[in-house]
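Dear colleague,

I am passing on the structure we spoke of, together with some notes on what was found in it. Please look through the model with these notes beside you.

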Amino acid sequence: MMRVLSLLALILLTVNLKAQTVTEKSIYQGQLSGLRLVLRLYPDSLTGKPAAHFESPDQTTQKIPVSRLHLSGDSLVAESALINGNLKARFSADRQTLSGTWSQHGRATPMTLKKVAKVESAARPQTPKPPFPYRSEDVTYASADKSIRFGGTLTLPSGKGPFPAVILISGSGQQDRDETLFGHKPFLVIADHLTRNGFAVLRVDDRGVGQTTGIAGTSAEQARDVLAGLAFLKTRSEINPKKLGLVGHSEGGIIGPLAAVQSKDVAFLVSLAGIGVKGLDLIKRQNYDILKASAPMSEEFLGYFNDMYAALYIETARQPLDKPDLTADLKRAMKDWQARQPESRLRQMGVAGEAGEKVVEQFAPTASQRWYRSFLQYDPAPVLSKLTIPVLALNGEKDLQVSSAENLAGFEKYLKQAGNKRFKTQSFPNLNHLFQTAKKGTIQEYGQLEETFSPQVLAVMTDWLKAAAQ
């Protein structure tokens with residue numbers, strides 16, 4: 001589940017300013033939680049007035065709009081409403097340094113940014129580079145009801161075929177066909193490897209991204225998108241229609257099984273950090289693991305915070321998908337939870353009174369999304385217990401978003417209930433949610449790592465697919 005900067009539809013915003021002009025491009029770079037934060041200042045190309053945007057090059061290649069920019073003397077204020085963050089800083093006398101405070105979601109952090117000539121691209125040595133020993137074709141096709149137009153890339157091994165084929169299914173958030181995250185392109189790496197090993201691979205822009213139309217959908221709606229991809233592959237003479245498989249990452253490990261139980265065309269399935277427990281249980285565990293890794297506190301206080309968030313998650317999950325705004329419901333749930341806590345505990349946690357309402361206001365926009373509610377309501381039991389095709393489920397043991405032990409156990413439990421004797425589960429030490437070799441497994445670490453996708457997992461997955469496609 002990757003609802004991070006990469007899912008944002010970013011449009012550069014500029015504002016009218018009176019205090020100062022910007023006559024040349026200036027780039028300032030600093031560190032925030034181990035990740036680079038860049039502020040670019042420049043004159044607007046149409047008006048000549050000061051404009052700016054932020055960048056987080058270790059997370060995304062997209063621009064993060066500055067919705068309010070104020071320059072006065074040696075002071076600067078740059079705010080981005082999109083990520084609820086702002087920088088308040090002062091220039092040094094030679095204007096080579098910006099020193100001040102970064103604030104986001106109510107938390108302030110001292111920050112220093114230094115002027116640089118350019119922003120260096122993060123090292124990504126696994127990203128494939130041409131020439132390739134296979135064919136690559138940009139393709140388009142439509143959904144069954146013609147409401148969605150999909151754009152993607154089909155890679156085909158050299159030769160006539162027909163070849164076994166797989167569709168790659170991305171995790172949560174609106175991802176491009178390469179599942180670009182933190183400067184990494186894991187689906188490009190996977191597609192390249194599998195195509196070199198004899199598989200045709202279709203990777204597709206999600207709804208509302210790149211060449212694909214539409215708006216973000218629930219997992220069930222995205223499963224229909226996968227069915228459209230299968231129908232497209234069956235029109236291609238280079239593809240063996242009896243050897244079609246799905247490879248889903250994260251939420252793709254929900255979408256793939258949902259599509260597979262609806263189509264006899266799916267011959268085999270791979271889940272990469274897929275979901276084997278109820279969505280509500282997964283989010284509660286995910287929140288606990290991420291809190292524990294990112295905000296050192298006692299187990300007692302971790303339990304208090306987890307209990308508070310659980311109250312909000314449970315309230316969210318019980319609301320119908322078509323309800324447009326859950327703010328009032330969540331505020332009521334927060335007040336009920338506060339009423340059950342000692343006042344001293346609420347003060348220690350920093351969530352007494354109106355502070356609790358601020359927590360709700362930060363969470364409500366996410367909770368009010370149809371996708372989020374549908375995810376919390378997901379139950380893998382009725383889906384996985386119907387799968388009798390070969391299934392490979394893989395997880396990394398340092399995954400803080402989809403915990404390895406519980407989710408692989410869920411796959412094993414429900415696939416056994418299906419009578420499936422052709423499945424395999426495997427966990428990998430030291431791998432995170434993106435299947436990178438990691439020290440901590442935190443989200444902040446993803447962009448710092450040069451490895452895009454574990455070669456060991458690529459080998460395991462490829463060998464298993466070759467056997468399944470026999």
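What is the volume of the largest cavity? Before the answer, please keep in mind that this is a predicted model. The volume of the largest cavity comes to about 290 Å³, and a search of the whole structure finds two cavities of 30 Å³ or more.

The lining of the largest cavity is made up of 25 residues, and those that lie nearest its centre are V204, D205, D206, Q222 and D225. Two or more lining residues come from each of the elements β12 (163–169), β13 (200–204) and α2 (219–233), and it is α2 that gives the most, with four residues. Sorted by class, the lining of the largest cavity holds 10 nonpolar, seven polar and eight charged residues.

The second largest cavity has about 30 Å³ of space, and its lining consists of E179, P186, F187, I190, H249, L434 and F453. Helix α1 (residues 186–196) gives the most to the lining of the second largest cavity, with three residues, while by class that lining has five nonpolar, one polar and one charged residues.

Turning to the strands, there is an open sheet of nine strands in the order β4-β3-β2-β1-β9-β8-β7-β6-β5, with antiparallel pairing. Its edge strands are β4 (64–65) and β5 (68–72), each of which pairs on one side only. On the β5 side, five bridges join β5 to strand β6 (residues 75–80), and the two run antiparallel; here S72 stands opposite S75 in β6.

Strand β2 (residues 35–43) pairs with β3 in the antiparallel sense over six bridges, with P50 in β3 as the bridge partner of P43. The hairpin of β2 and β3 has six residues between the strands, and in it G48 takes a positive phi near 80 degrees. β3 also pairs with β4, again in the antiparallel sense, over two bridges, and the bridge partner of H53 in β4 is P65.

Is strand β3 (residues 50–55) mostly covered or mostly uncovered? It is mostly covered, since six of its six residues are buried. In a regular strand, side chains alternate between the two faces of the sheet. In β3, P50, A52 and F54 point one way, whereas A51, H53 and E55 point the other way, and all are buried.

With best wishes

Conventions
Residues numbered from 1 in each chain as written. Predicted model: local features only at pLDDT ≥ 70, side-chain atom pairs only at ≥ 80, totals over all residues. Heavy atoms only, no water. 1 Å grid on protein atoms, 1.4 Å probe; cavity = no way out; pocket = protein on both sides within 12 Å on 5 of 7 lines; lining within 4 Å. Points joined across faces, edges and corners; volume = space filled by probe spheres on them. Nonpolar A, V, L, I, M, F, W, Y, C, P; charged D, E, K, R; others polar. Pairing = 2+ DSSP bridges. Buried < 20%, exposed > 50% of the residue type's maximum accessible area, 1.4 Å probe, protein only.
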